[in-house]
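Hi,

Here is the structure I promised to pass on. Have a look, and my notes on what turned up follow below.

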Amino acid sequence: MVNFSGIILRKFKNIAGSRYEEIMKAYQEFFLTEEELQIPEVKSILLVLDRFSGEVPEEVFEVLSAYPGARIEVVYVIDEGLCSIIGKTLGEEEAEAFRKSEESLGRELLRVTERSLSKFDLSFSMEITFADKVEFVENDAKNRDILVVSRHFGSESTKTHRISPIVFRIVQGVKKPVIVY
């Protein structure tokens, strides 16, 4: 590994003289530590989808193919709170129709995603789950190395907001790297 302090010391030895320490203090947040120079190993990736996500672009799979040993968990999340509200306001029959419609949409989107993942020869698993979207993503992302989410996840974006409020909240709350497409 390269010793950047040594390189900087040699570079500025005759130019900065005794000001070297001042320069290092002033610019220390721009220099990477030895630990930060290590490329983290990615073993698991969480790709979350919902009715607003739509089809995942091929470019996302190209990026994910840079991690050949990683296992990708693709999860279609159906908002259980919305199902509950539909059940309470419109009745259980309508709630069940909504669940079936969402599951059908989820299976179709997972089928399309599965074809793309197979094309790139990536290791993956698929599931459909009923959960609060933000809580599910924040909890499940803790066990993954990277989170991949559509900027439309959770709700449609608008002309004034190019990213949905749910994705904005997720990105702020998750401590892992996030790829927003």
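A salt bridge here is a side-chain nitrogen of Lys or Arg within 4 Å of a carboxyl oxygen of Asp or Glu. This is a predicted model, where local features need pLDDT of at least 70, side-chain atom pairs count only at pLDDT 80 or more, and totals for chains, interfaces and linings use all residues. Residues are numbered from 1 along each chain as its sequence is written, and side-chain values use heavy atoms, with hydrogens and water left out.

The whole structure holds 8 salt bridges. In one of them, Arg107 meets Glu103 at 3.7 Å, N to O. Both sit in helix H6, 4 residues apart, or about one turn of the helix (helices are DSSP runs of H or I with at least four residues, strands are runs of E with at least two, numbered from the N terminus). Arg107 is partly exposed at 41% relative accessibility, and Glu103 is too, at 27% (buried means under 20% relative accessible area, exposed over 50%, partly exposed in between, with a 1.4 Å probe and protein chains only). Shared partners also join Glu73, Asp140 and Arg144 into one salt-bridge network.

Which residue pairs with Glu102 in a salt bridge? It is Arg51, with the closest N and O atoms 2.4 Å apart. This pair links distant parts of the chain, 51 residues apart: Glu102 is in helix H6, and Arg51 is in the loop between S1 and helix H4 (58–64). Glu102 is buried, at 3%, whereas Arg51 is partly exposed, at 39%.
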